[in-house]
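This report reads a structural model from its overall form down to a few individual residues. The sequence and structure come first, and the commentary follows.

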Number of protein chains: 2
Amino acid sequence: MQTTVYPFPSAACTVYHDAPLSALKATLPGRAIVVTDQHLMDAHGDQLSDWPCIIIPPGEQYKTQATVDDIIEQLIAKGADRQTTLIGVGGGVVTDITGYVASIYMRGIRFGFVPTSILAMVDAAIGGKNGVDVGLYKNMVGTFRQPGFLWYDMALLQTLPDAEWINGFAEVIKHACIKDADLFAWLEQHHWADCKADAALCAELVRRNSDIKAAVVVNDEREQGERKLLNFGHTIGHAVENLYQLPHGHAISIGMVAACKLSEEISGFASVEKERMVQLLQRYGLPTHLAFDKAQVMDILLKDKKKVNQTIHFILLQAIGQSQVVPIGTAQLADLLEQVL
Amino acid sequence: MQTTVYPFPSAACTVYHDAPLSALKATLPGRAIVVTDQHLMDAHGDQLSDWPCIIIPPGEQYKTQATVDDIIEQLIAKGADRQTTLIGVGGGVVTDITGYVASIYMRGIRFGFVPTSILAMVDAAIGGKNGVDVGLYKNMVGTFRQPGFLWYDMALLQTLPDAEWINGFAEVIKHACIKDADLFAWLEQHHWADCKADAALCAELVRRNSDIKAAVVVNDEREQGERKLLNFGHTIGHAVENLYQLPHGHAISIGMVAACKLSEEISGFASVEKERMVQLLQRYGLPTHLAFDKAQVMDILLKDKKKVNQTIHFILLQAIGQSQVVPIGTAQLADLLEQVL
């Protein structure tokens, strides 16, 4: 079991690689409580018998304050105190909500994550953003707070449904688009099913991606600059995700295609590159178009966290692997939505 | 208008002294939204017409997640974004809840306080603790986050009810007990009504007390050591406060007398000093005894944030102006509750 450290400015995070879940308990200093969801409990509950478990219902629709309230009631009932460690075992919903609860319970207790999906392993579990949705608005409430540890047990992926492999690869493709043209070319030659079939290949890909994200966060933890690049595809993506109840990866895929079209208009992204992008997303089983309600999406964009006065900070590509933050005025954006998308 | 700065480790806080509320708007960089309560709106609403206002119902019973949810809905409806400043105008409930909302809305926006009660001016508004109650458990959920500014307009105290002057002096007496024997002696020679009648005297007392608290927080923002002293009277105090729906100052007064009795038993606090303490509290109109349900209080203490494994960190006095943190085992504490209180 190998460990590395992500040196985030606010707090370092220890990363355990090839780490069987059965070995986790020995690394924890004291009492711990697991937060997980019913799917994970069904699949891996036998490996969680070391800890009291708080089980939330599965799915983005439960990433809400009501679930937070419920977890807090259970923490009080279980006698959780400031010495208790919270362990989020699950996908992005579980890690987002566990990190948030741990940030506010008794004004902050220790926590760490055991990500169980590709999406959580390469993205959601890393970087300290947490929170819940408020109605149609994604992650409207939350904090920045780093987990103390990340525990990568690739064996947990054996029960991951194919749909969740596809979801996770949307974020892998995002990393390639904004930062790593070589990774993009690699993805064009491979398929998520190759990773599902080959645990070593999968571990290598996960680590390459988690390292890309962590390096960005180390440079800009509070998203003043470079970290904004990770929002590529997430502005329109988040808007359609909750509006149409789409899986996160599907929404981001649609959002990335939209951002590529805006990039063609604004930042000189080549049409042929956009076509490569569409083909790669299709290769990975991701949707590349949605006939969304433009007025409703515009309404949601106007409440987006990335709005600054009357502009929205969009992430656009100049080329595959090269991205930049471009402020677009809300009036211009409304026009572009009508004409380009 | 004089300003000073409290150099808290996580973020500096600018303090405006003798600062008329009418001058606040000119100091703010951009858009701001006020959070206040209905009592304040009735008394000072004419001075808040510069800003959109979110009005919460008055009283500790509304320091809950439901009120937070309501404020967040209103912030979204008013289009608050990451450039918006939240201004909490009110007593401790308003400042605690405003600081909490500002810490979690869009993962954190700017905020500052206009404390309008003695209690908020000398205690609640200072130091970055915020949060809400969960059932009987005080401040069970919250964060540490410093306000960007504190705005002291003593004229706002002119409408403060006498009961709230009394409440606030409980925290003034607390500061004297733990840190400042000279202040204790001064309080023995004066009365809250002197401060109500003499704005300059009041301003001086408020500043002396806010400086005492700020100096402690500058040394130990995250309450690893010295800051715990500020919890004097607050362990049993918090337990009886929500159990019997007592005003905060009354609960703390009862808690301080209880802590003095434990100090007699454990830390050599002289009986004659305890009597001075009881007399001072009575001089300021504060209750010094409550026949509380010891089993129920013990149950609440076992969920207290200050519990570490099987001990509770109590603040005890050795003398007036000298305090220390003493871990008391929960079994011993149950005995002391029965025999001493």
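What share of the 341 residues in chain A is made up of buried residues? The model is a predicted one, and in it buried residues make up 60% of the 341 residues in chain A.

**Chain A as a whole**

Chain A contains 13 helices and 12 strands. Its radius of gyration is 19 Å, close to the 20 Å that the globule rule gives for 341 residues, so chain A is as compact as a globular protein of that length. The C-alpha trace of chain A spans about 55 × 40 × 35 Å along its principal axes. Among the contacts in chain A with a separation of 6 or more, 71% are accounted for by residues 24 or more positions apart.

Just after α9(A), Q245(A) adopts a positive phi of about 50°.

| Residue | Location | Relative accessible area |
|---|---|---|
| T288(A) | loop between α11 (271-283) and α12 (294-301) of chain A | 17% |
| L119(B) | helix α4 (residues 118-124) of chain B | 11% |

Why does T288(A) count as buried? Its relative accessible area is 17%, and because buried means under 20%, T288(A) falls within that class. The side chain of T288(A) is joined to that of Q282(A) by a polar contact of 3.5 Å. Leaving aside residues up to four places away in sequence, T288(A) touches V257(A), V278(A), L281(A) and Q282(A).

In chain B, L119(B) also counts as buried, at 11% relative accessibility. Not counting residues up to four places away in sequence, L119(B) touches A124(B), N167(B), G168(B), E171(B) and H248(B). The C-alpha atoms of L119(B) and F169(B) are separated by 7.2 Å, although these residues are 50 residues apart along the chain.

Key: Residues numbered from 1 in each chain as written. Chains lettered and ligands numbered in written order. Predicted model: local features only at pLDDT ≥ 70, side-chain atom pairs only at ≥ 80, totals over all residues. Heavy atoms only, no water. Helix = DSSP H or I, 4+ residues; strand = E, 2+ residues; numbered from the N terminus. Rg over C-alpha atoms; globule rule 2.2 N^0.38 Å. Buried < 20%, exposed > 50% of the residue type's maximum accessible area, 1.4 Å probe, protein only. Contact = heavy atoms within 4.5 Å. Polar contact = N/O pair within 3.5 Å; in protein donor to acceptor, adjacent residues only side chain to side chain.
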